[in-house]
Amino acid sequence: MPRTVRDVVFVDGVRTPFGKAGPKGIYHETRADDLVVKAIRELLRRNPGLDPKKVDEVAVAATTQIGDQGLTIGRTAGILAGLPTSVPGYSIDRMCAGALTAVTTVSGSIAFGAYDVAIAGGVEHMGRHPMGEGVDPNPRFVSEKLVDESALFMGMTAENLHDRYPQITKLRADEYAVRSQEKAAKAYANGKIQQDLVPISVRRTTPEAGETGWGLVTADEPMRPGTTLENLANLKTPFRVHGRVTAGNAAGLNDGATASVIASEEFARENGLPVKMRLVSYAFAGVEPEVMGYGPIPATEKALAKAGLSISDIGLFEINEAFAVQVLAFLDHYGIADDDERVNQYGGAIAFGHPLASSGVRLMTQLARQFEEQPEVRYGLTTMCVGFGMGATVIWENPHFDGGDK
Amino acid sequence: MSTTAELLKGAAELFPDEVVTQAHVRHFDLPFGAGRFALITLDNGHDHTKPTTFGPQSLANLDTAIDQVEKEAADGEIVGVGITGKPFIFAVGADLKGVELLKRHEDALAIGKGGHEVFKRLSKLAVPTFAYYNGAAMGGGVEVGLHCTYRTVSAALPAFSLPEVFLGLVPGWGGCTLLPNLIGADKAVTVVIENSLNQNKQLKGKQVYELGIADALFEGADFLEQSLIWTASVLKGEIEVERPVIDRGEAWDQAVARGRFIADGKVHGAAPAAYRALDIIAAAKNGDLQQGYDAEDQALADLIMGGELRAGIYAFNLVQKRGKRPAGAPDKNLARPVTKVGVVGAGLMASQLALLFLRRLEVPVVLTDIDQERIDKGVGYVHAEIDKLLGKGRINQDKANRLKALVTGVLDKAEGFADADFVIEAVFEEMGVKQQVFAEVEAVAPEHAILATNTSSLSVTEMASKLKHPERVVGFHFFNPVAILPLLEIVRGEKTDDASLATAFAVAKKLKKTAVLVKDAPAFVVNRILTRFMGEIQNVIDEGTPVEVAEKAVEPLGLPMSPLVLLELVGPAIGLHVSETLNKAFPDRFTVSPNLKAVVEAGKRGFYVYDSGKPELDPEVAALLKQGDTVLTEDQVRARVLDAVAQEIGLMLDEGVVAEAQDIDLCLITGAGWPFHLGGITPYLDREGVSERVTGKRFLEPGVASVPA
């Protein structure tokens, strides 16, 4: 049968505030599935034009798919969120790029014509599911030297990346981190972030972490506004003695969830849904697992090539800040200044946090807001590095583009 | 220390075992910059299986929490105060264990006042207050929310009620006064009186909202978040809460009158709680809250010191606790699995039993009878009942298909029962017939199969006596209507072994019945007491007391129906049969009324005609009656009847028919619908001095179902 590829759009995205993983974190007594369920419900509330019956898929990513992140969370979250049982769902895992992959996967299905509209998101409760929980790496990885042992520890891969690019010093990484905190604080002050946050009620039963009883979380917990270079200078380098990677120039261990509505442009228009971004291209690429932070570079190369664009066409960048060094490696590759104003205008994961499989949609939600504000920009990209040596990039077009020159 | 704090401290000393509820205060910023908020969480530190209650220390904790937020509100540090509960539970009211311990009127008064003093502070803060009914809310739990400025309720909330009148109290921490002022007297009467007296009917979240008790309804998935967002909008003036104007005219009086009518219909004036509550609701018409609170305090204290409440709490505990853990039942691990059930007989009783086993056990149920026509009728009855359930939406089509496929009927017992684990007979009530049936079943059923009899009056031991394996015979005596009355008397025959008995109890539990272990004694428990009770009524009528005097004599007990109406319901012929059986066993105490015999022989199905709308003695029955010339007063009749009942219970306990008087009461409550305010019957007999007069001692120790000494 004849088939036409259809344009895919990002309709809307929301997220929970991100929390710090661990017993003192805001979500310590909150289930992971409840986080993503509440994000999905908020999306439905915000988009009354979206008839829940019409949702063709719920794709939810999680890195550790056990317990409250298991049981095919895309399906269970749909039911828990109150979607009709006729709406199917599934789970996705590409570690840090989980939610991003949920978006691209449903986008592929929409473009192909299998779906009209889908919900895509991710969740990671790193407090309930610490990194590496239940993993069982094949011994051949080491015995046959398929990867270096450090490939399994993200902090070590970041140190390896510093080795590869000696010009990326600890100072540059710290300076970058300070700017991320500054930009995030400014974005908060200007109300850029809160508009896409879902308030979450949280319970605390032990007094060690603060007042007990029910509370309400309306802001990201990991933020450290006012961070200075001096604050960062003497932090420990836990991954290597005299190393460069610290808790200050990397994202932390976090809990949180995101969700987005992805639709064919036709469906969005017909149903009166917003069109916040139009998908241009996406690509994934593999690199040596020991330097996984390099991943965004080949992924972006591929995505640009498929789109027929060059890096100079990109007016806004949302790069996940798993580590400052990985962002800087990307910027160096493309000759972009460390403080280029097109990059992470609202700050990044170093400030907000990085609950692994949920982060991809946070990048998109923020890029969508920047598109709204900057109609002179035509293209933007969201990119992130992925464990075990991968990169993921999605290029988006600004539907508000007014023909300006960027 | 404030007076309230002193009051509560004193009360707390009387109740050292209180499961204490904490009132956690947590602060946070509301969304949309609505300001800083203080949320109080009521939490007793246990999971939802131990719901949060209010004892004196718990009230004191809430008082302390309010001290804190009161100051913050006055100082302008917060814009509002909320109160909510732990997961699944808001709060389920006063701790009844603490109420049972109270011995003095002034202590009872202190509990009432203490609750009022604490709760009403929530309405007097410098900022608005919000209750978020997140889960089960009852009694004082509901009331603490009524004192707040606004309320939201979760659509997932499963149970919301003011059950005080059901137990023998009034909603006395503001319920009687605030609720009619919030939603009008008529709806308040529904909640306080009608639901309470209708077996403590619970409201769901949506109904709480529709009644106007809550200002907003949110789904369970993000109830608290949405409640807090709503709160922010209310505080910012974006949402204005509108409440209907209350009709304080005639409608109010009519509502109270309706309440009295409902109460009369249920307790016939015999228990004071509903009437006390209605008095307060009636007075609340003038909107004077403090006057209402004072009246609530007095009513609470009076009722707490009264026998009806103590009997009510005792009865509640019997049903909730003893009813679920039957006294004397063998180790449940001895129970054998029941994967197929046989029913001998396909008449109405047998078909009802088949339906019950089918619905609760969901295993194959096979009916047998003497001809195919009866079998088809029995299976047809079950199918029709399944269709009714389907029609009402109680089960879906898949479940209906499953249940219908599970029920079958065969003529040949060998074919039907060869792999049955449990066979119950419901054939004609005659020893020879039943022995024959069991012999036939034993010949074809597996050796482990339980043989159960639904006999109401025959000896289980004798029924088993001719079998090779009498140890597997148990009595399984249901009460009509089987689907409604919870009681199941489980009868241990002389040879019944523990495994069979354990299996019977396990089946009873799956059937969701209240099982009571009884000895193989004539007519077991309920029928024996009811027959003695009825017999004495019959006796005084036969001796010459007019029927209406005899009937009215027991009205002050507040039984669900009058003796003769009950006899109509049972069927005069069955009543006569049971009295004959008991007369054979105990000729000195159980008589066979010649008048009843005459009525049965005349083929009458009842005593009354209802042509005028009210029961009137059927003239045909009146013509049959041959009465003597001894005319007693109502008081004399009542004394004779109660003496007879007390004597019979005393003898039954001496014979060991049941383990304790508690089991007698549990049987009467769940098998005959005898009311909570009598505690079944023994608390009432103790309270009225009947027990001591007749047996020389009380049935229950003081304090068990009465104010402790």
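## Burial and the model

A residue is called buried if 20 or more other C-beta atoms lie within 10 Å of its own, exposed if 12 or fewer do, and partly exposed in between, with C-beta atoms placed from the backbone. By this rule Cys96(A) is buried, because 31 other C-beta atoms lie within 10 Å.

The model is predicted, so local features need pLDDT of at least 70 and side-chain atom pairs count only at pLDDT 80 or more, while totals for chains, interfaces and linings use all residues. Residues are numbered from 1 along each chain as its sequence is written, and chains are lettered from A and ligands numbered from 1 in the order in which they are written.

## Chain A as a whole

Buried residues make up 59% of the 406 residues in chain A, and along its principal axes the C-alpha trace spans about 60 × 55 × 50 Å.

## The annotated site

An unreviewed UniProt entry places the feature "active site" at Cys96(A), His354(A) and Cys385(A), in the numbering used here, with feature names shortened and annotations that may be inferred rather than shown by experiment. Although these residues are spread over 290 residues of sequence, they cluster in space, the largest C-alpha distance being 11.8 Å.

Leaving aside neighbours within four places in sequence, Cys96(A) is in contact with several residues, among them Asn320(A), Ala322(A), Ser359(A) and Cys385(A), where contact means that the C-beta atoms, placed from the backbone, lie within 7 Å. His354(A) is also buried, with 27 other C-beta atoms within 10 Å, and with such neighbours again left aside, its contacts include Asn320(A), Ala322(A) and Ser359(A).

Terms used
Two residues are in contact if their C-beta atoms, placed from the backbone, lie within 7 Å.
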